[in-house]
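Let us walk through a protein structure step by step. We start with the whole chain and then move to its details.

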Amino acid sequence: MLTTSKHRTGSLVAFGAAVGILACAVQAGTASAAEGLVRFDRQVIDWHGCQNGSDDRVGALVDAAGGRCGDVAVPLDYGRPGGRTIRLAVSRIPAADPVRRRGALFTNGGGPGGSGIGQPVAFADNTGIRARYDVIGIDPRFTWRSTPLRCDWRSDTFIRGAGPDRRSFERSVELARVQAAGCDRGDQRNLFPHATTRNTARDMDLVRAVLGEPRISYESGSYGAYLGAVYLQMFPDRVDRFVLDSSPDPTVLGPNPFVHNGPTATAALEHFAAWAADHDATYGLGATADDVLTTVDRIARVSGRYPLRVGGFRVDAHTVPYIMLIQVAEDGDEFHAPAADVVRTLRDAADGAAVTPSPAFAELLTGLFTGSGPAADRVGLPILCGDREVSREPGTYLRDIRAHRADDPLFGPLAHNITPCAFWPTRPAEPTTTIHSDVPVLVVGNAGDPDHAALRPVGDAPGVGRVPHGHPTGRVPTPGVPEPQRVRGRRGAPVPARRCATGDRHHLPRVVPAAPFGPGRCTTPSPTRSRW
């Protein structure tokens with residue numbers, strides 16, 4: 001039930017006007033739509049504990065950090081605000097120093113499909129952020145606690161390589177078809193058109209209004225950086241300070257999210273190979289980086305002839321590229337060491353040895369082949385399919401794979417492979433957002449990340465946030481790497497950011513997202529003035 005706030009500070013009249021334009025309604029219809037949307041920002045959130053049962057670890061962490069949770073009602077269809085509503089789960093850790101409080105810092109769990117409820121916990125130890133901001137987490141619409149959609153799959157992910165030939169590609173086509181059908185259950189087909197990044201941004205803005213905030217700050221990485229850019233595009237006048245980390249390419253993000261990431265993944269693999277060569281005495285993968293890459297190539301070639309037996313699992317040319325993508329998504333000894341163990345296990349399996357995966361590798365394989373894991377990809381697929389139109393002709397993908405296989409034999413057939421969106425039961429309900437504008441934000445990324453033309457440099461932001469490899473840039477900035485010097489919003493003077501030593505997080509810290517997308521730099525992603 002929607003209740004009325006005594007301290008309403010925002011309204012969604014602009015929302016209503018935009019809906020009127022979108023629906024080509026007459027003036028009276030526009031006014032009616034505006035009234036329908038305004039009622040939503042009068043809600044009062046009933047804040048309560050976050051833990052749902054004894055096995056809810058995330059909720060327990062939010063509670064322990066001083067957070068509270070609640071629900072916010074939003075329209076299913078912003079063009080028909082008087083129709084069906086859905087509920088969003090929201091968490092908040094309030095600012096520790098009300099006198100110095102600047103506003104609300106929104107976060108996102110990446111993916112799409114990552115849970116947002118627990119994201120504020122990542123800021124709990126950051127005294128600078130915690131003093132001045134209410135930190136807000138949201139499970140985006142149709143994910144986790146927010147009216148979730150469900151796909152009946154026997155895998156955590158749709159991401160697969162195409163394999164070595166046409167026959168293996170046809171198996172990919174069949175899997176994509178089966179996974180699309182596994183999502184088309186009950187009345188979910190009627191919800192799919194409303195599962196989009198643009199609607200997630202609209203939901204964020206409605207939560208902003210309910211909280212009584214004239215503007216919001218934002219920090220997220222990976223897909224969450226793209227969501228932030230879309231919000232900037234749609235609601236530029238409601239932006240305070242935004243930090244976008246490791247942004248995917250906004251011109252292609254959608255059903256084929258890795259289409260430009262093959263070369264980046266290959267560069268990350270080469271970086272890992274150099275590390276493994278330096279640790280050859282421990283892992284035996286090769287004395288030089290080229291030797292290690294030869295080992296990986298042999299694993300891929302053998303898996304293309306017959307599946308590798310890894311414990312009780314059969315790892316083939318469809319799954320080896322995905323496994324390797326996961327291994328090279330992060331940087332540093334704490335990530336490279338287990339990755340080297342995975343490659344060693346696959347090498348031994350390719351040699352015909354009986355192997356037992358490590359517990360972490362077994363967990364990855366169990367999710368990959370049974371669907372028992374957290375499944376952010378499964379949760380987020382409807383958003384990818386709803387954001388951008390995609391070819392529905394399998395031959396298009398096969399030609400693309402063949403065009404890239406020679407230059408990128410391991411990751412090319414994965415980056416260009418068909419996905420369930422080619423068989424999705426609905427089409428995108430509105431055009432994809434074009435990112436372009438003059439709202440200053442800070443975009444950070446890693447050395448080796450590809451640059452995106454849509455993310456234009458900010459002329460007066462001096463610190464380019466680059467750190468060595470990994471995705472996103474890591475929870476703690478790397479010593480010796482130039483740190484961002486200031487974070488600017490549309491209003492207020494530039495804010496100095498302290499350089500960070502190991503363990504020090506006095507600028508906006510990292511929140512690890514759910515999937516390994518690429519890239520970024522200091523830029524100005526965002527907006528024209530159109531809200532819709």
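The protein has 17 helices and 12 strands. Helices (H or I, at least four residues) and strands (E, at least two) are DSSP runs, numbered from the N terminus. This is a predicted model, so local features need pLDDT of at least 70, side-chain atom pairs count only at pLDDT 80 or more, and totals for chains, interfaces and linings use all residues. Residues are numbered from 1 along each chain as its sequence is written, and side-chain values use heavy atoms, with hydrogens and water left out.

Now take the overall picture. Of the 532 residues in the protein, 57% are buried. Buried means under 20% relative accessible area, exposed means over 50%, and partly exposed lies in between (1.4 Å probe, protein chains only). The protein exposes about 21,200 Å², and carbon and sulfur atoms supply 52% of that area. Such accessible areas come from the Shrake-Rupley method with a 1.4 Å probe; for residues, only the protein chains shown count as cover. Next, look at contacts, meaning heavy atoms within 4.5 Å. Among those between residues at least 6 apart in sequence, 77% join residues at least 24 apart.

What lies inside? In soluble globular proteins, nonpolar side chains tend to be buried together. A nonpolar core is a set of buried Ala, Val, Leu, Ile, Met, Phe, Trp, Tyr and Cys residues joined through side-chain atoms within 4.5 Å. The largest one here holds 107 residues. Its members F106, F242, L244, F272, L308, V310 and L346 touch the most other members. Helix α8 (residues 223-234) gives this core its largest share, 9 residues. At least three residues come from each of domain 1 (24-152 + 193-253 + 431-444) and domain 2 (261-423). These domain bounds come from an automatic or database domain assignment. A second, separate core has 6 residues, including F123, I129, Y133 and V135.

Next come two helices. Two packed helices are described by the angle between their axes and the distance between the axes. The axes of α9 and helix α11 (residues 289-305) come within 8 Å and cross at roughly 115°. Axes are lines fitted to C-alpha atoms, for helices over the stretch in contact, and angles run from 0 to 180 degrees between N-to-C directions. From α9, the contact uses L269, E270, F272, A273, A274, A276 and A277. From α11, it uses A289, V292, L293 and V296.

Now for the backbone. Most residues other than glycine have a negative phi, and most peptide bonds are trans. Yet a cis peptide bond joins G111 and P112, with omega about 5°. P112 sits in the loop between β3 (103-107) and α4 (127-132). F142 is not a glycine, but its phi is positive, about 70°. F142 belongs to the loop between β4 (133-139) and α5 (166-183). At 1% relative accessibility, F142 is buried. S246, also not a glycine, has a positive phi of about 55°. S246 lies in the loop between β6 (239-245) and α9 (262-278), and is buried at 0%.

Finally, which residues in the loop between β4 and α5 deserve a look? One is S146, another R150. S146 is buried, with a relative accessible area of 0%, whereas R150 is exposed, at 52%. Leaving aside neighbours within four places in sequence, S146 is in contact with R87, L88, A89, D139, P140 and R141. With such neighbours left aside, R150 is in contact with G182, C183, R185 and Q188.
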